[in-house]
Amino acid sequence: MECMGFSMLPEGCVSTILSLTSPPDACKSSLVSSIFRAAAESDVVWERFLPANYHDILSRLVEPLVVSSKKELFLCLCEPTLIDGGNKRFRLEKWTGKTSYLLSARELSITWSHDPIHWRWTSVPESRFSEVVELKTVCRLEIYGKIRTQMLSPNTKYGAYLIIKISNRAYGLDLMPSEISVEVSNSTEIIYGTAYLRYSDSKKKQMERLFYGNCREMLRTTRVVEGDGRSVPCERGDGWMELELGDFFNGDQGDDEEVKMSLREVKGYHLKGGLIIEGIEVRPKDSRKLCVC
């Protein structure tokens, strides 16, 4: 009897009901009946799962999409897509429809990054962008990124992650902890922490510690103490490492705030090099992580 009652509902009514669920639920509902199958394919349902600013996103795509339905558009946007001249990567979480962004190194503000003495812009085959930047040598490591909250899904907790590699030639990166932070403008909450940029070459690390031992002992009293512990990068499933810089809650989209993300190591005054930066990823914290640590 219940099934017969549902089958008598107008397709438009069923579409409205399904639009209040989730993408996986809409797909599963197509198995219920022919009316549910037709409703689950309708643009009414899948437009509801698209972000409110999806027209703006489409206008910023590097390669335009040719689709025949909103469902097809949704599924296409679940695949990583380059926008803004190839300097950002956008995608939708297929389980929720929430937005994620990866800001390329070109979108970041990195101290002295335009000076070839200190940094080298290059390409690597495993990157999603045409360029990454490799640290040659600096004494002040400062990396800043920013994003507007209106670009993100409302009522969602987001995490910000620095996407990096550490080369075999790296030195000086973990002698002092780096300060990490995430700050939302007009908010009293600023997330601070500390992190070590570690690599896995233990022999090289031992030699470096011997070489820098006296310097490190001298700097011991200047270590950063904010935060609830010192993070280290973890391996992702895509061949990169990620370091969480912090998190924030994006509420209702009445206000368009600026989110500032940073990593700084400026207290050690020692030289450091060998860090390769792809960018900063901003994604929902309840998403299915790439991190495998």
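Among contacts in the protein chain with a separation of 6 or more, 71% join residues 24 or more positions apart. Keep in mind as you look around that this is a predicted model. The protein chain holds 8 helices and 15 strands, and 49% of its 293 residues count as buried.

The structure holds 5 aromatic pairs. One of them is formed by Trp-46 and Phe-49, in an edge-to-face arrangement with 5.2 Å centre to centre and 85 degrees between the planes. These two residues are separated by about one helical turn, because they sit 3 residues apart in helix H5, which covers residues 43-49. Both Trp-46 and Phe-49 are buried.

Trp-46 has another aromatic partner, Phe-74. Here the geometry is tilted, with 55 degrees between the planes and 5.2 Å centre to centre. This pair links distant parts of the chain: Trp-46 belongs to helix H5 and Phe-74 to helix H7 (residues 70-77), 28 residues apart. Trp-46 counts as buried because its relative accessibility is 1%, and Phe-74 is likewise buried, with a relative accessible area of 1%. Taken together, Trp-46, Phe-49 and Phe-74 form one aromatic cluster.

Other rings have a charged neighbour over the face. Arg-106 lies over the face of Trp-121, 3.7 Å from the ring centre. In the case of Tyr-161, Arg-283 lies over the ring face, at 3.9 Å from the centre.

Now turn to Lys-272, in the loop between strand S14 (258-265) and strand S15 (273-284). Is this lysine buried or exposed? Its relative accessibility is 1%, so Lys-272 counts as buried. What does the side chain of Lys-272 reach at 2.7 Å? That is the backbone oxygen of Cys-139. The Lys-272 side chain also makes a polar contact with the side chain of Glu-265, at 3.1 Å.

Leaving aside residues up to four places away in sequence, Lys-272 touches Leu-135, Lys-136, Thr-137, Val-138, Cys-139, Arg-140 and Leu-141, among others. Tyr-171, Gly-172 and Leu-173 are also among the residues that Lys-272 touches, as is Glu-265.

Notes
Residues numbered from 1 in each chain as written. Predicted model: local features only at pLDDT ≥ 70, side-chain atom pairs only at ≥ 80, totals over all residues. Heavy atoms only, no water. Phe/Tyr/Trp six-rings, centres within 6.5 Å; stacked < 30°, edge-to-face > 60°. Helix = DSSP H or I, 4+ residues; strand = E, 2+ residues; numbered from the N terminus. Buried < 20%, exposed > 50% of the residue type's maximum accessible area, 1.4 Å probe, protein only. Lys NZ or Arg CZ within 6 Å of the ring centre and 35° of its normal. Contact = heavy atoms within 4.5 Å. Polar contact = N/O pair within 3.5 Å; in protein donor to acceptor, adjacent residues only side chain to side chain.
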